[in-house]
Amino acid sequence: INAEYMGKQKMKKEMLLDPAAAIKKETAPTSGLAKYTEAEVALHNKPDDMWTILNGKIYNVTTYISKHPGGAAIIKKYGGKDMTKDYNACHSYVNAEKLLGSLIVGVPKKQSFDAPVSYTHLTLPTSDLVQISVVAVSFKK
């Protein structure tokens, strides 16, 4: 029995005990990859130009659509969207990075909000026991 075989057997056991942890062990670093907002990813939602977000990485799945064992329709459903939750619910045992690794185009850019443009606080007179406060905050788009 060689070391490579033993390593594969250990990975199989880990996958059975904790699939998510075993998959995370084999993930590649994301530093140096391009960063895209969810809005930018959403633009790539057509069969001839399709990206999806999976486990914190963005993949160009255009060439994979026709190869998916479950059919093209399910991949197309997630074009331009994050498929992580649904993918992991059905395929937690599959190492997506090994399967799609060559299709990675980047990682999601962290979204930050600008400071509020306006802030309004209004307290409405009611009784001594009840006070109603309304706060309105608007942000730049």
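A word on terms: two strands pair if DSSP finds at least two bridges between them. Strands here are DSSP runs of E with at least two residues, and helices are runs of H or I with at least four, both numbered from the N terminus. What you see is a predicted model, where local features need pLDDT of at least 70 and side-chain atom pairs count only at pLDDT 80 or more, while totals for chains, interfaces and linings use all residues. Residues are numbered from 1 along each chain as its sequence is written, and side-chain values use heavy atoms, with hydrogens and water left out.

Now the sheet. It is open and mixed, with five strands in the order β1-β5-β4-β3-β2. β1 (35-36) and β2 (45-46) are the edge strands, each with a single partner, so one side of each has no neighbour in the sheet.

Next, β5 and its partners. β4, residues 57-60, runs antiparallel to β5 and is joined to it by two bridges. Tyr59 stands opposite Ile104, and Ile58 is opposite Gly106. β1 is also joined to β5 by two bridges, but this pair is parallel. Here Lys35 has Val107 as its bridge partner.

What follows β5? The loop between β5 (104-108) and β6 (118-124) holds Lys109. Which residues does Lys109 touch, leaving out those up to four places away in sequence? Lys35, Tyr36 and Thr37, with contact meaning heavy atoms within 4.5 Å. Thr37 is 72 residues from Lys109 along the chain, yet their C-alpha atoms are separated by 5.0 Å.

Finally, why is Lys109 called partly exposed? Because its relative accessibility is 39%; buried is under 20%, exposed is over 50%, and partly exposed lies in between, using a 1.4 Å probe and protein chains only.
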